[in-house]
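Have a look at the structure first, then read on.

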Amino acid sequence: MAATPDAFKAPPPETAYADAPELLYEAAQLTRYSTRLTTGEDGPDKEREYRLRRAAHADRFALLADDLSPNSPTAEHAEHEAARTARDLAAWDRDHPEDVAGPYGPTSPELGRTVRAYVRQEYAAWKAGTEK
């Protein structure tokens, strides 16, 4: 039997999202992005950034909801939304592998079972790239 690779250790949320905007500010920015993408004001190059930021926002919100009200319907809904937007980003990146910024692609066995780890990897790599 082949050896199973060690599970990928995503940056912890406090590292991946250290410089992320406040949740309410980011929600407003995501609304603006969505509108601009829908109307064609922003080109396809912004589509991946929107998906990444939306997935990171959902992940951050789910973490906050779980901290504030564990096992509540709100926390459960936030977990589902975080997983859904993470899968959306991973699907985009499978179709556009040139957009992957981190060391592991969305189908890497190193990622293990959580696609939210992939979002943290990609958000940290994206932030590092935008700060150069």
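1. Let's start with Asp 88, which forms a salt bridge with Arg 51; the closest N and O atoms are 2.7 Å apart. Asp 88 sits in helix H4 and Arg 51 in helix H3, so this pair ties together parts that are 37 residues apart in sequence. Arg 51 is buried, its relative accessible area being 17%. Bear in mind that this is a predicted model.

2. Glu 122 lies in helix H5 (residues 115-130) and Arg 48 in helix H3, so the pair ties together parts 74 residues apart in sequence. Glu 122 is buried, as is Arg 48.

3. Now the packing of H2 (residues 23-39) on H3 (residues 45-68): their axes come within 10 Å and cross at roughly 150 degrees. H2 and H3 are therefore roughly antiparallel, and their crossing is left-handed. The contact includes Leu 30, Tyr 33 and Leu 37 from H2, and Tyr 50, Phe 61 and Leu 64 from H3. By type, the contact residues divide into 8 nonpolar, 3 polar and 7 charged.

4. One more on charges: Glu 26, Lys 46, Glu 49 and Arg 53 are linked in a network of salt bridges. Over the whole structure, the search finds 14 salt bridges.

Note on methods:
Residues numbered from 1 in each chain as written. Predicted model: local features only at pLDDT ≥ 70, side-chain atom pairs only at ≥ 80, totals over all residues. Heavy atoms only, no water. Axes fitted to C-alpha atoms, helices over the stretch in contact; angles between N-to-C directions. Helix = DSSP H or I, 4+ residues; strand = E, 2+ residues; numbered from the N terminus. Parallel < 35°, antiparallel > 145°, perpendicular 65-115°, else oblique. Left-handed = near helix turned anticlockwise from the far one by under 90°. Contact = heavy atoms within 4.5 Å. Nonpolar A, V, L, I, M, F, W, Y, C, P; charged D, E, K, R; others polar. Salt bridge = Lys/Arg side-chain N within 4 Å of Asp/Glu carboxyl O. Buried < 20%, exposed > 50% of the residue type's maximum accessible area, 1.4 Å probe, protein only.
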